[in-house]
Amino acid sequence: MIGLLGGTFDPIHYGHLRSALEVKEIFGLTEIRLIPSAQPPHRQQPMATALMRLDMLKLAIENQPGFVADDREIRRIGPSYMVDTLQSLRNELPEMPLILFIGTDAFNHLKTWHRWSLLFSFAHIVVMTRPGFIPQALDDCFIERHTDQLTELAVNSAGKLYFHQVSQLDISATTIRNMIAEHQNPGFLLPDTVIAYIRQHQLYLRQ
Ligand code: ATP
C-alpha cells in the first residue's frame, strides 16, 4: 500500500512528518508520498514558491526510508486538483492500494473538492482525526464506503473510507511563518536543515 499526503508545506514541519511516520508504520505502507500543491484551489496562495517548498520537503525527508517527495502537482499547469493527482498515480500503479490521508477539516469540506465523488474511484480515504474526535453523522455516500476494518484497505485498491486517530502535534506552518516574521526562533518545530534553507533564502520575513 502507498500513502499520499498532500499539502502546501509552506514550510513542512514536524506536525506533517510525525503523522506521516505514524501512518506509515500503522498501515504498513511501503511508501508515503508527500505531494506539495502548486496552486492550492481552496486557500490563500503559499508564500514560498513551489520549487522552494519542494526543496524544503526534500531536505526534511532526506534519509527517511520510504518517504518520497512527489512533484507531479508542481510539474502540472493549472490548479492542483487532487482528483487529477490520484488519476495520474492510478495510471502508473493500476493495482496498488492507494490511501489518501486527509485531516478532519479537509474531510468536512470534501464535497467542495473538484469532482470529489471520483476520488474514491482512484484511492481509499483515511481521515486523520484528533483524539476524542467523533465523526459527524455521515452522509449515505460515505456510510456505504465506511469501514472500521483495516484489512479492507489492503484487499481493495480504492473506494473505502476509514477514520484513524493520530497524535497531532500542535504545530502549524502559519505559526512558524509568523514566528520568523517576528524574528523568533522556530527551532524544534521543523528540521534544522529546513530552518537553514529558510534563513539562506530569507523566506517568511514579512507576514
Ligand atoms: P498552514 O498553517 O499554512 O495552513 P499547515 O501547517 O496546516 O499549513 P498544510 O500544508 O496545509 O499545513 O497541511 C498539509 C496536511 O497536513 C493537511 O492534511 C493538514 O491537515 C495536515 N497537518 C497540518 N499540520 C498538522 C499537524 N500539526 N499534525 C498533523 N497533521 C497536520
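These legends describe close-up views of a predicted model.

**View 1. Arg90 in helix H4.** Arg90 belongs to helix H4, which spans residues 82-92. This arginine is buried but forms no salt bridge. Glu95 carries the nearest side chain of opposite charge, 7.2 Å away, whereas a salt bridge requires a nitrogen-oxygen pair within 4 Å.

View 2. Two backbone oxygens face the side chain of Arg90 in polar contacts. The backbone oxygen of Phe122 is reached at 2.9 Å. For Ser157, the backbone oxygen lies 2.9 Å from a polar atom of the Arg90 side chain.

**View 3. Residues in contact with Arg90.** Leaving aside residues up to four places away in sequence, Arg90 touches Glu95, Met96, Leu98, Phe122, Ser157 and Ala158.

View 4. A backbone N or O atom of Ala173 lies 2.8 Å from an oxygen atom of the ligand. Ile171 places a backbone N or O atom 2.9 Å from a ligand nitrogen atom. A polar backbone atom of Gly15 is 3.5 Å from a nitrogen atom of the ligand. On its own the ligand has 610 Å² of accessible area, of which the protein covers 81%.

**View 5. The shell around the ligand.** The ligand is surrounded by 17 residues, and the closest are His13, His16, Leu169, Ala173 and Thr174. Strand E1 (2-7), helix H1 (14-26) and helix H9 (173-181) are the elements that each give two or more residues to this shell.

How values were computed: Residues are numbered from 1 along each chain as its sequence is written. This is a predicted model: local features need pLDDT of at least 70, side-chain atom pairs count only at pLDDT 80 or more; totals for chains, interfaces and linings use all residues. Side-chain values use heavy atoms; hydrogens and water are left out. Helices (H or I, at least four residues) and strands (E, at least two) are DSSP runs, numbered from the N terminus. Buried means under 20% relative accessible area, exposed over 50%, partly exposed in between (1.4 Å probe, protein chains only). Lys and Arg count as positive and Asp and Glu as negative; His and the chain ends are not counted. A polar contact is a pair of N or O atoms within 3.5 Å; within protein, one must be able to donate a hydrogen and the other to accept it, and residues adjacent in sequence count only if both atoms are side-chain atoms. Contact means heavy atoms within 4.5 Å. A residue is near a molecule or strand if one of its heavy atoms lies within 4 Å of it. Accessible areas come from the Shrake-Rupley method with a 1.4 Å probe; for residues, only the protein chains shown count as cover.
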